[in-house]
Number of protein chains: 2
Amino acid sequence: MKLLTLARDLRRRKARERQGLFVCEGVRAVEELVRSSIPVRGMLATAHAMGTPRTARLADLTRARGAAVLEVSDAEFDSAAETESPQGVLAVAEVPARTLDALPVGDPLRLLVLDAVQDPGNVGTILRTAAALEVTATLALPGTVDLWNAKVVRSAMGAHFHHPALVCTPDEIDAFRRRHGVELWAADAAGAPVGDVPAPARLALVVGNEGAGVSDLMRARVERSVSLPIAPTVESLNVAVAAGILMYALRP
Amino acid sequence: MKLLTLARDLRRRKARERQGLFVCEGVRAVEELVRSSIPVRGMLATAHAMGTPRTARLADLTRARGAAVLEVSDAEFDSAAETESPQGVLAVAEVPARTLDALPVGDPLRLLVLDAVQDPGNVGTILRTAAALEVTATLALPGTVDLWNAKVVRSAMGAHFHHPALVCTPDEIDAFRRRHGVELWAADAAGAPVGDVPAPARLALVVGNEGAGVSDLMRARVERSVSLPIAPTVESLNVAVAAGILMYALRP
């Protein structure tokens, strides 16, 4: 398939899953991609972007990795891009093959579990924070926005390229927890204030949907719920901020 | 001025400052507004929105507060609204008169200072977090996006209506600090790890621009810089997440 047609096709989650490919948009994200070990299939750029030294250098780096660089018209570029101001640059690359079983298991171990978190910007920010705070992996349960959606990739600012982020089911998480002795906690406004109980060496923390919180399915499985003490005038924190504070508060 | 014309005019910062008015968009934000003590000038809604029980109730509450409710066409509504999916509902209300001098000063005292933070979503999320973590006030320095921009108001989810958020200059902050013995710290990747030094009872924390960080002007004034320890593979945290974690870590 031609690179432009492929990039357009990859706007659909089903196409990304079938092809095992994703689109990375914007100069900075593509720079992070080309610097990573992720195989790159090719890069698209507008003539305007190619006229800038930063994008020209990116094109050289992409070619040096054996991938094609295609100059396209503004209209062609816009037909493939999905994020706000993609700066005339996008790349197609391979979704890394990551599984729960391949995760490095040691002490400490920290997993962040996304239970139907829907906003791409929130999920991207959460992945960026999880990578920064050295969380072992982020696991997306069914109902969560696709981790390889272009908007998620953009807002994660390169976190995808080294932080293990993968999709799995509650049963797979249960099997992993039993095998490796990992406690399962949830972020829940009704939970005990975080910090009241020391965190175990191996911990998976579930954060729920922006509106509905943690699902009943996961609530039935968790061993403890923790909350952040917040003012009664405020209904909740933004999920990415809450996840960030909790990951920090529960750091090993 | 007619309500629709006024709402359109208020998309400009200069008009908001001249009139002392702002626009609040979306069902949930307008619900929070009508529940608050902020004087409401009026509400605009599409016929479709007025057909829903939640918006009809909002219209009743607005009228009960002595403010006008105007039904407008979809095209008229769209000509005034600025946020994504405003749900056919917006209200015009008065910017509360807040000054540094009117802040309650006691122990503990926590101020968050925004030094040219530009993204409306980030600033809204920061205000929501500051309100939740009971920060005394949020101060926006010149160069920061207008706190009363409709996108900031929307993403703050009602924080503006009770949390004191106001614009001031570095000199005004200096005068306030001298008068009340408030230490000035900055969030800076080159700073000492947060937690190495106990936070003083009265603390103002500066967070900087998304790309450039804290300005030279503020850097020259701060007494201490603090950082969050992050993985070397990650350049930085999102500013709203970093501010959230730091406010939590430095809580009284």
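Which side chains meet in a salt bridge with an N to O distance of 3.5 Å? They are those of A:Glu235 and B:Arg28. The model is predicted.

## Charged and polar pairs

The pair A:Glu235 and B:Arg28 is one of the salt bridges between the two chains. The count between chain B and chain A is 2.

Polar contacts also cross the interface. Between chain B and chain A there are 7 residue pairs of this kind, with both residues at pLDDT 80 or more.

## What chain B brings

Two elements of chain B give two or more residues to the side that touches chain A. They are helix 7 (120-132) and helix 11 (239-249). Helix 11 of chain B supplies the largest share, with 6 residues.

By class, this side of chain B holds 15 nonpolar residues. Another 7 are polar, and 4 are charged.

## Extent of the interface

The size of an interface is often stated as the accessible area lost when the parts come together. Here, about 2300 Å² is buried between chain B and chain A. Carbon and sulfur atoms give 62% of that area.

In residues, 26 from chain B are in contact with 27 from chain A.

Notes
Residues numbered from 1 in each chain as written. Chains lettered and ligands numbered in written order. Predicted model: local features only at pLDDT ≥ 70, side-chain atom pairs only at ≥ 80, totals over all residues. Heavy atoms only, no water. Contact = heavy atoms within 4.5 Å. Buried area = accessible area lost by both parts, 1.4 Å probe. Salt bridge = Lys/Arg side-chain N within 4 Å of Asp/Glu carboxyl O. Polar contact = N/O pair within 3.5 Å; in protein donor to acceptor, adjacent residues only side chain to side chain. Helix = DSSP H or I, 4+ residues; strand = E, 2+ residues; numbered from the N terminus. Nonpolar A, V, L, I, M, F, W, Y, C, P; charged D, E, K, R; others polar.
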